[in-house]
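Reader: I would like to learn how to read the loops and helix contacts of a model such as the one shown here. Could you take me through some features one by one?

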Amino acid sequence: MPIIRKRVFIIDEYEYVAVMLKKIMEGLDYEVGGVALNADDAMAAVSLNRNIIDLVTLDICLGKTDGTDLIEKILKLNPKIIVVMVSSNKEQRVIIQSIQLGAKHYLLKPFNIEDIRKAMHKLLG
């Protein structure tokens, strides 16, 4: 019987960060179901794949859009999707707001592989 890998979707406005996260996730044996660099593409892709995405990494800054605005939208599509914020914003109020809106974890940039590994293991097993 084949092993079903958990599927991750990456949303970050910077392509180099998204590519780095994709490589890290694949190295940790998660399937990356897609990458989006802006809010519109992210919501279209998450909407289309809402029943097969296990976890979304979500940047706070997405150009003109605040990533926290997408948390509730993603969770309305599928409340089982785990949202992990990934940002360089260290403001306590932003972290608290993200968690209150439904994010399950907040990773600070610059991140390292071990931080991501621990968070993913905790959230997805």
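Reader: Where is Asp29 found, and is Asp29 buried or exposed, or something in between?

Author: In this predicted model, Asp29 is found in the loop between H1 and strand E2, which spans 31–36. A residue counts as buried under 20% relative accessible area and as exposed over 50%, and since Asp29 has a relative accessible area of 48%, Asp29 is partly exposed. The backbone deserves a look as well, for phi of Asp29 is near 70°, a positive value in a residue other than glycine.

Reader: Which peptide bond is cis, and where is the proline placed?

Author: The bond from Lys109 to Pro110 is cis, with omega near -5°, and Pro110 has its place in the loop between strand E7 (105–108) and H5.

Reader: How does H3 pack with H2?

Author: The axes of helix H2 (residues 39–49) and H3 come within 10 Å and cross at roughly 15°. Angles under 35 degrees count as roughly parallel, and therefore H2 is roughly parallel to H3. Their crossing is right-handed, and the contact is made by Ala39, Met43, Val46 and Ser47 of H2 together with Leu70, Lys73, Ile74 and Leu77 of H3. Sorted by class, this contact of H2 with H3 has six nonpolar residues, one polar and one charged.

Reader: At what angle do H3 and H4 pack, and which residues make the contact?

Author: H3 and helix H4 (residues 92–101) pack at an angle of about 10°, with their axes 9 Å apart, and they are therefore roughly parallel to each other. H3 passes H4 in a right-handed crossing, where Thr68, Ile71, Glu72 and Leu75 of H3 make contact with Gln97, Ser98 and Leu101 of H4. By class, the contact of H3 with H4 has three nonpolar, three polar and one charged residues.

Reader: Why do H1 and H5 count as oblique to each other?

Author: Helix H1 (residues 15–27) and helix H5 (residues 113–124) pack at an angle of about 60°, with their axes 11 Å apart, and H1 and H5 are therefore oblique to each other. H1 passes H5 in a right-handed crossing, with Leu21, Ile24 and Met25 in H1 meeting Ile113, Ile116 and Met120 in H5. The contact of H1 with H5 has six nonpolar residues, no polar and no charged ones.

Reader: Where is the place of Asn78, and is Asn78 buried or exposed?

Author: Asn78 has its place in the loop between H3 and strand E6 (82–87), and at 11% relative accessibility Asn78 counts as buried. Leaving aside its neighbours within four places in sequence, Asn78 is in contact with Arg50 and Asn51.

Reader: And how far apart are Cys61 and Asn38 in sequence and in space?

Author: Cys61 and Asn38 are 23 residues apart in sequence and 9.2 Å apart in space, C-alpha to C-alpha. Cys61 lies in strand E4, residues 61–62, and Cys61 is partly exposed, with a relative accessible area of 42%.

Notes: Residues numbered from 1 in each chain as written. Predicted model: local features only at pLDDT ≥ 70, side-chain atom pairs only at ≥ 80, totals over all residues. Heavy atoms only, no water. Helix = DSSP H or I, 4+ residues; strand = E, 2+ residues; numbered from the N terminus. Buried < 20%, exposed > 50% of the residue type's maximum accessible area, 1.4 Å probe, protein only. Contact = heavy atoms within 4.5 Å. Axes fitted to C-alpha atoms, helices over the stretch in contact; angles between N-to-C directions. Parallel < 35°, antiparallel > 145°, perpendicular 65-115°, else oblique. Left-handed = near helix turned anticlockwise from the far one by under 90°. Nonpolar A, V, L, I, M, F, W, Y, C, P; charged D, E, K, R; others polar.
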